[in-house]
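Subject: Structure handover

Hello,

Here is the structure I promised to pass on. Please open it next to this message.

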Amino acid sequence: MSLENIYTELIAEESRNPENRRHIDGATKVELGHNPSCGDEITLELKVEDGVIKDASFTGVGCAISQASTSMMIDLIKGENVEKAHHLIDLFLAMVKGDIPEDDERLEELGDAAALSSMAHLPARVKCAALSWHTLDKALADDKSEK
Amino acid sequence: MADALKEAEDFRRNFPLLNIKMNDKPIVYLDNGATTQKPESVIRAMCGYYGGCNANPHRGAYELSIKATDIYENARERVREFIHAKKSSEIIFTRNASESLNLVAYSYGRVFLKEGDEIVITIAEHHSNLVPWQLAAKATGAKLKYIYLEEDGNLSEKDIDEKITEKTKIVAVTQVSNVLGLINPVKEIAKKAHSVGAVVVVDGSQSVPHIAVDVTDMDADFFAFSGHKMLSPMGIGVLYGKEKLLDKMPPFLAGGDMIEYVMEQDTTFAELPQKFEAGTQNVGGAAGLAAAIDYIDEVTFEKIGAIERELLDYALPQLRALPYIKLYGCDSKKDNKTGIITFNVKDVHPHDVSTILDSEGVAIRAGHHCAQPLMKYLGENATCRASFYFYNTKEDVDRWIAALKKVRKVMHLED
């Protein structure tokens with residue numbers, strides 16, 4: 001796996017993109033995600049109304065892969081319903097674990113986040129790419145139980 | 001010692017792992033602070049033990065078991081000589097420094113600390129000499145206090161002076177920080193601690209492999225280190241403790257080989273050091289540790305220091321010439337730097353730096369280095385660390401720095 005396929009311009013730029021780094025007024029869920037072995041952490045904020053993710057944002061620190069993955073995930077889930085978000089979580093995690101071939105048509109649903117399919121060849125960094133998606137999964141699971 | 005680095009080339013031949021490739025490139029191993037590679041003599045000692053001498057020591061009354069016991073007890077004597085302890089019964093084998101420090105925190109700290117007592121540690125401790133004291137403080141109601149750092153990374157002398165008081169019962173300090181690589185004045189700290197009646201616990205994990213250690217001269221009450229950071233196998237570590245303290249401490253782990261008599265409701269314990277060595281011990285690891293000490297004795301600490309110093313002198317000016325590199329602990333006002341260089345590349349997370357260096361065959365450490373409070377104190381979430389040993393060469397430094405110069409480009413940033 002060459003570095004060019006990992007640190008693509010898209011991933012490098014997205015890791016520094018400030019657009020989704022903010023707080024949400026009236027967030028319905030604030031979830032902390034943490035990789036204790038490396039110290040990376042993100043706080044995901046969601047505003048879920050009537051089963052739809054009306055707004056999403058994050059703050060935190062971490063490597064380019066974890067930060068880009070978080071930002072791309074937010075672009076993808078904003079405006080989607082919770083059910084669709086769960087579907088995307090399953091799809092993304094299957095992709096970075098290498099359970100779905102990189103050229104599989106289903107990955108088109110992941111938009112820019114499909115660029116992280118290269119992580120399947122970089123086992124040491126899968127947890128970086130998956131951090132935000134696991135955090136989202138937890139946030140939505142908690143959200144459901146509150147209803 | 002201008003030829004010190006030439007000898008590094010010779011030493012390399014004794015280390016099979018240094019001939020492997022990583023990502024199709026000859027490996028540049030600069031993560032010696034995490035663990036060192038092993039010379040053939042250590043690997044042979046391990047194989048020799050399991051291939052020809054393996055039996056349970058201290059138990060069987062047959063020749064092979066006696067041989068295993070001899071190997072184990074000779075290793076203890078080698079360790080005693082190596083760190084200049086008075087008696088081999090003051091040398092306790094453990095799994096690693098973490099276990100050694102936990103032994104002290106549980107069997108001394110939790111037993112003798114009372115509410116209102118104080119434990120003093122430094123902000124530069126590895127989690128293994130920090131978390132056990134935090135837990136001991138919580139369990140006993142003792143207070144945990146920190147010695148902070150001067151601007152140059154050295155321990156604050158003012159803090160040493162002011163924080164160690166009549167209330168202090170334990171002072172726990174690392175001899176060399178695994179992040180900053182600076183040698184701490186443990187002898188002076190021990191003196192101060194003893195003047196108020198406190199015991200001093202020294203974490204020698206990063207010092208024992210690199211500098212000559214004399215526990216009697218520094219007057220440490222307890223001294224802990226791991227074998228694997230000094231050429232030995234993983235899973236063998238050492239706790240040195242003064243006999244008068246070890247004698248009054250209860251056992252840490254209970255079980256086989258640490259008893260004298262066991263009755264239905266009561267047990268009396270074995271003499272030192274067996275009192276603290278429950279269950280079958282890592283004899284193969286002890287054999288490897290003894291071989292590692294033999295190897296280090298041949299190399300000599302004089303040469304180890306000279307090689308690491310030359311590598312520092314070669315690498316640091318090159319790093320300082322790169323405007324996007326930030327260094328930590330590299331500007332000590334004292335002559336007390338060991339071969340650890342902690343750094344960051346501007347705007348690039350250490351894990352991304354590490355992945356990019358990995359693709360060039362260069363192994364460094366990235367992250368919090370099990371020292372989260374220190375990272376926070378330094379104002380960072382994570383850093384990169386290159387750590388040398390005597391088998392590293394100028395070529396290793398060249399390959400590391402060449403790879404480092406690629407990092408910002410790979411991340412689509414300008415130089």
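Below are the ground rules, then the findings.

This is a predicted model, in which local features need pLDDT of at least 70, side-chain atom pairs count only at pLDDT 80 or more, and totals for chains, interfaces and linings use all residues. Residues are numbered from 1 along each chain as its sequence is written, chains are lettered from A and ligands numbered from 1 in the order written, and side-chain values use heavy atoms, without hydrogens or water.

**The interface**

In chain B, 14 residues are in contact with 18 residues of chain A (contact: heavy atoms within 4.5 Å). The two chains bury about 1,400 Å² between them, 59% of it on carbon and sulfur atoms. Buried area here is the accessible area (1.4 Å probe) that two parts lose on being put together, summed over both.

The rule finds 1 salt bridge across this interface (a side-chain nitrogen of Lys or Arg within 4 Å of a carboxyl oxygen of Asp or Glu). Arg125(A) and Asp352(B) meet in a salt bridge, at 3.0 Å from N to O. Helix H12 of chain B (residues 350–359) gives the most to the chain B side, with 5 residues. Helices are DSSP runs of H or I with at least four residues, strands are runs of E with at least two, and both are numbered from the N terminus.

**Asn344(B)**

Asn344(B) sits in strand E14 (residues 340–345) of chain B. It counts as buried because its relative accessibility is 8%. The cut-offs: buried is under 20% relative accessible area, exposed is over 50%, and partly exposed is in between (1.4 Å probe, protein chains only). A polar atom of the Asn344(B) side chain lies 3.1 Å from the backbone oxygen of Ala382(B). Beyond four places in sequence, the contacts of Asn344(B) include Tyr324(B), Pro350(B) and Cys384(B).

**Backbone points in chain B**

- The peptide bond from Leu272(B) to Pro273(B) is cis, with omega near -5°. Pro273(B) lies in the loop between strand E12 (267–269) and helix H10 (283–299).
- His84(B) is not a glycine, yet its phi is positive, near 60°. His84(B) is in the loop between helix H3 (63–83) and strand E4 (91–94). His84(B) is partly exposed, at 41% relative accessible area.
- Cys370(B) also is not a glycine and has a positive phi, about 55°. Cys370(B) lies in the loop between strand E16 (365–367) and helix H13 (372–378). At 24% relative accessibility, Cys370(B) is partly exposed.

Best regards

Notes: Polar contact = N/O pair within 3.5 Å; in protein donor to acceptor, adjacent residues only side chain to side chain.
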